[in-house]
Amino acid sequence: MTTTLRLTVKQDPTGPHVYMLPEAWASLLGYPLAELLAMDGKEWMEAFVHPDDLEASLVESARLQEPGTVTVNFVARYATIHGWIPIS
């Protein structure tokens, strides 16, 4: 069985703050949404992206700041309350 969730993260382009994070992230990771939204984008990634995937994730995040840019087939592991899971 495959489950599909809409997992988007939007950051303020003029600053580091995450301003839109669907409840799906909180459900998947197992942390309260308010806790996730209290972090800035880099802090959020450092807390939840696997250390081996962090550099590539930061590069991809910076690339996505360019208008019209999309990501296809990018996978990173994220920390949940139960351990690491791959998310693409």
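This report describes the nonpolar core, the aromatic pairs and some helix and strand contacts of a predicted model.

The largest nonpolar core holds 15 residues, and those that touch the most other members are W25, L29, L36, W44, F48, V49 and Y78. Two or more residues of this core come from each of α1 (23-29), α3 and β3.

Five aromatic pairs are present in the structure. The rings of W25 and W44 are edge-to-face, because their planes stand at 90° with the centres 5.2 Å apart, and this pair links distant parts of the chain, with W25 in helix α1 and W44 in helix α3, 19 residues apart. W44 also forms a tilted pair with F48; these two residues both lie in helix α3, four residues apart, which is about one turn of the helix. W25 and W44 are both buried, and F48 is buried as well. Ring pairs join W25, Y31, W44, F48 and Y78 into a cluster. The two pairs described here are set out below.

| Aromatic pair | Centre to centre | Angle between planes | Geometry |
|---|---|---|---|
| W25 and W44 | 5.2 Å | 90° | edge-to-face |
| W44 and F48 | 5.6 Å | 50° | tilted |

Y78, a member of that cluster, has I85 in β4 as its bridge partner. Strand β3 (residues 76-80) and strand β4 (residues 83-87) run antiparallel and are joined by five bridges, and a hairpin of two residues connects β3 to β4.

Helix α4 (residues 51-63) contains D53, which counts as buried because its relative accessibility is 13%, below the 20% limit for a buried residue. The buried residues of α4 are D53, L54, S57, E60 and S61. Leaving aside residues up to four places away in sequence, D53 touches A76 and R77, and a polar atom of the D53 side chain lies 2.7 Å from the backbone nitrogen of R77. The 13 residues of α4 should span 18 Å at 1.5 Å a residue, and the end C-alpha atoms are 19 Å apart, which agrees.

In helix α3 (residues 41-48), K42 counts as partly exposed because its relative accessibility is 47%. K42 and L54 are 12 residues apart in sequence, and their C-alpha atoms are 9.7 Å apart in space.

Notes
Residues are numbered from 1 along each chain as its sequence is written. This is a predicted model: local features need pLDDT of at least 70, side-chain atom pairs count only at pLDDT 80 or more; totals for chains, interfaces and linings use all residues. Side-chain values use heavy atoms; hydrogens and water are left out. Buried means under 20% relative accessible area, exposed over 50%, partly exposed in between (1.4 Å probe, protein chains only). Two strands pair if DSSP finds at least two bridges between them. A polar contact is a pair of N or O atoms within 3.5 Å; within protein, one must be able to donate a hydrogen and the other to accept it, and residues adjacent in sequence count only if both atoms are side-chain atoms. Contact means heavy atoms within 4.5 Å. A nonpolar core is a set of buried Ala, Val, Leu, Ile, Met, Phe, Trp, Tyr and Cys residues joined through side-chain atoms within 4.5 Å. The expected span of a helix is 1.5 Å times one less than its number of residues. Rings of Phe, Tyr and Trp (its six-membered ring) pair if their centres lie within 6.5 Å; planes under 30 degrees apart count as stacked, over 60 as edge-to-face and the rest as tilted.
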